[in-house]
Amino acid sequence: MATLLPPPNKRQRVAVAEKAREQQDVDTIPGDLGSVRIHFFDQSTGKPTGAPVAIPVADATVKNLELLLNTLQGNEATERVPYRFTFGADGKVIDITNDIYRALLKPGLKTTEDTITLQYTPQAIFRVRAVSRCSASIPGHGEAILATSFASSSSSRLATGSGDNTARIFDTDTGTPLHTLKGHTSWVLVASWSPDDATIATGSMDNTVRLWDPKTGQCLGQPLKGHTKWVNSLAWEPYHLRKEETTIRLASSSKDATVRIWDTVSKRIDIVLSGHKSSVSCVRWGGTGTIYTASHDKTIKLWDSTKGTLISTLSSHAHWVNHLALSTELVLRTAYHDHTGAIPSTDAKKLSKAKERFEKAATTNGQIAERLVTASDDFTIFLWSPSQSPTKPIARLLGHQKPVSHVTFSPSGQYIASASFDNHVKIWSAHDGSFIHTLRGHVGA
């Protein structure tokens, strides 16, 4: 007896119908539109690249625009860089996904008589394989894993914190455990590598922060004691802000409504940031020297990391603020490490490279502006740019149907991903907060 295939579900039927409609409604570019003048500008610096160039509308595709821009920059065929092109109109940013005709001319935003100004940003040149199955499963912990953190230098080492009161370091290349970090007396809630890759910090429900040597797995001195409740989040001072090697600072946030800045060399508290009225759920240390904290008192506070004084309070959320992320987190976390694996020979060169990487990532239109995104129990996400709008958000991102637990920027800083208790992950534009896509598939939060 032949096995009957089940009928397609609603999602499959909708996908088939959309594909058939796209195949029927093929939108071709008219061949009688002539040429259009395009002027390229570097989005990070705001400076033009070459003079305006006239190209046929029929040939103004993203692929051809990339080829033209690489030619203007003098890049050889083996050195060509993929680019993302955007057009700004009335405060909105429009992505050029296919060609100039569909993006600008057909909607009536521009005509062939205008000179179109396009901003470009380089895209990643790496090719990432789609994750279709589990490549490795590394045993070791006896309870649930509560925190993970990759090494600053590469993804070959991974630190994890668990409910079994230990942290572990794994070699992800070979799938083997390297060290077990024992010392905490309760759950390890957070783990973080220092930007120079020399130290791992862990925070626990035993109210302490511990520092570890990742090479030996040994604890570096006594635990850092001061919090009266468990530690929620950790943030290292950016490498390029260090004044000297004898002062390496770490910020920790806690359920006790405070943030403490530690001198990890002397193992003493440097500054205590007290101002929140409830648990501080997340802390981030920005590349301009500002510390950002999110709290269950519905606010986000900005602090001066040198003086310990409050700069401003952002209070647009209507419920707990669960998480926050910075657009420059990748370069702040990795400092002078990059994909080449080349490490500068001197401390001065390391600091210079770390500062150069940060400024390149944070610069937009010739100005350094870190962006901030926050997630809340009020089902919303807010996008902020404190340097441009000190107290008001740029955009309010709506779409999740339950509390939003986590947000993060893409490595390029162009996109935002959010995770919610509605079992969905959503992708947003980091320019204006516009919705892009929903990733479905999870059956639990």
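**Cysteines and aromatic pairs in a predicted model**

Q: How many disulfides does a search of the whole structure find?
A: This is a predicted model. A disulfide requires a pair of cysteine sulfur atoms within 2.5 Å. Across the whole structure, the number of disulfides found is zero.

Q: Is Cys 282 buried or exposed?
A: A residue counts as buried when its relative accessible area is under 20%. The value for Cys 282 is 2%, so Cys 282 is buried.

Q: How many aromatic pairs does a search of the whole structure find?
A: Ring centres must lie within 6.5 Å to form a pair. The search of the whole structure gives a total of six.

Q: What kind of aromatic pair do Tyr 83 and Tyr 120 form?
A: Planes over 60 degrees apart count as edge-to-face. The centres of Tyr 83 and Tyr 120 are 5.2 Å apart, and with 85° between the planes the pair is edge-to-face.

Q: How many residues apart in sequence are the parts that Tyr 83 and Tyr 120 tie together?
A: Tyr 83 belongs to strand S3 (residues 83–89), while Tyr 120 belongs to strand S5 (residues 115–122). Both Tyr 83 and Tyr 120 are buried. The pair therefore ties together parts whose separation in sequence is 37 residues.

Q: Which residues do ring pairs link into a cluster?
A: Tyr 83 and Tyr 120 form an aromatic pair. Ring pairs link these two residues into a cluster with Phe 40 and Phe 85; its members are Phe 40, Tyr 83, Phe 85 and Tyr 120.

Definitions and conventions: Residues are numbered from 1 along each chain as its sequence is written. This is a predicted model: local features need pLDDT of at least 70, side-chain atom pairs count only at pLDDT 80 or more; totals for chains, interfaces and linings use all residues. Side-chain values use heavy atoms; hydrogens and water are left out. Buried means under 20% relative accessible area, exposed over 50%, partly exposed in between (1.4 Å probe, protein chains only). Rings of Phe, Tyr and Trp (its six-membered ring) pair if their centres lie within 6.5 Å; planes under 30 degrees apart count as stacked, over 60 as edge-to-face and the rest as tilted. Helices (H or I, at least four residues) and strands (E, at least two) are DSSP runs, numbered from the N terminus.
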